[in-house]
Amino acid sequence: TAEVKSVLFFPQRDGASEDASAFTPADPEHFGVTVQVFIGDTSSDAADSFDLIVCSPSWFAAAVEHGQWERFQIGGPRSLPENVAVGAGMWFMRSWNETDLRNALTAVCEAASPGPDWGTIANRIGRVIPWEYDYKYDSHVDAHFGETLPPPL
């Protein structure tokens with residue numbers, strides 16, 4: 001069963017220096033923050049890193065308008081045209097509310113749990129919050145294939 005262990009915030013402003021354990025934007029309806037979420041199994045103190053950008057739609061539009069398009073292309077396959085950016089790791093909020101964000105993170109953990117092992121649960125979470133081991137997990141599954149998923153009925 002997955003649980004959020006801790007959350008760190010890294011504001012998307014030039015030269016901004018804030019306490020990484022808290023985030024309060026100057027304008028709650030125009031903000032961008034990189035969020036590093038440490039999630040692990042309830043039976044252990046260990047945690048893996050899951051990373052995303054949480055922003056208002058207006059902040060995203062302004063960032064793209066000011067030439068930051070490339071930074072949003074990192075979540076997709078390299079073969080995509082330059083004109084396409086995949087929204088992996090992007091969460092939009094109409095206005096900043098840390099409680100809503102934390103509740104959403106908890107909801108993702110609950111939806112992914114329980115599972116047969118940590119890799120399965122983390123992979124499920126990775127569908128909506130990129131997991132630090134996404135590709136290593138995929139490589140492991142590819143190398144250790146077994147039954148067809150889902151198993152035949």
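Biologist: What share of the contacts in the chain between residues at least 6 apart in sequence joins residues at least 24 apart?

Modeller: That share is 55%, where contact means heavy atoms within 4.5 Å. This is a predicted model, in which local features need pLDDT of at least 70 and side-chain atom pairs count only at pLDDT 80 or more, while totals for chains, interfaces and linings use all residues. Residues are numbered from 1 along each chain as its sequence is written, and side-chain values use heavy atoms, with hydrogens and water left out.

Biologist: How many helices and strands does the chain have, and what makes a run count as one?

Modeller: There are four helices and four strands. From the N terminus on, the order is β-β-β-α-β-α-α-α.

Biologist: What makes Leu101 buried or exposed?

Modeller: Leu101 has a relative accessible area of 2%. Buried means under 20%, exposed over 50%, and partly exposed in between (1.4 Å probe, protein chains only), so Leu101 is buried. Leu101 lies in helix α2. In the chain of 153 residues, 30% are buried.

Biologist: Which residues does Leu101 touch, leaving aside neighbours within four places in sequence?

Modeller: Leu101 is in contact with Phe9, Val35, Val54, Trp91, Met93 and Trp96. Val54 is 47 residues away from Leu101 in sequence, yet their C-alpha atoms are 8.8 Å apart. With residues up to four places away not counted, Val54 in turn touches Phe31, Gly32, Val33, Val35, Trp91, Met93, Trp96 and Leu101.

Biologist: Why is a set of residues called a nonpolar core?

Modeller: The name applies because its members are buried Ala, Val, Leu, Ile, Met, Phe, Trp, Tyr or Cys residues, joined through side-chain atoms within 4.5 Å. The largest such core here has 25 residues, and Val35, Val54, Trp96, Leu101 and Ile125 have the most contacts inside it. Two or more residues each come from β1 (2–11), β2 (32–41), β3 (48–55), α2 and α3 (118–125). The largest share, five residues, is from α2. A second, separate core of five residues includes Cys55, Trp59, Ala63 and Met90.

Biologist: How do you know that Glu98 and Arg102 form a salt bridge?

Modeller: Their side chains are 2.8 Å apart, N to O. A salt bridge needs a side-chain nitrogen of Lys or Arg within 4 Å of a carboxyl oxygen of Asp or Glu, so the pair qualifies. Both residues lie in helix α2 (residues 98–112), four residues apart, about one turn of the helix. Glu98, at 23% relative accessibility, is partly exposed, and so is Arg102 at 31%.

Biologist: How many salt bridges does the structure hold?

Modeller: Two. Glu3 and Lys5 also pair, at 2.7 Å from N to O. Glu3 is partly exposed at 30% relative accessible area, as is Lys5 at 28%.

Biologist: What makes Leu80, Val84 and Val86 a nonpolar surface patch?

Modeller: A patch takes residues with over 30% relative accessible area and no salt bridge; nonpolar side chains (Val, Leu, Ile, Met, Phe, Trp, Tyr) are joined within 5 Å, like charges within 9 Å. Val84 has 36% relative accessibility, so it passes the area cut-off. Val84 is in the loop between α1 (57–65) and β4 (90–92). The patch covers about 180 Å², by the Shrake-Rupley method with a 1.4 Å probe; for residues, only the protein chains shown count as cover. The chain exposes about 9600 Å², of which carbon and sulfur atoms supply 54%.
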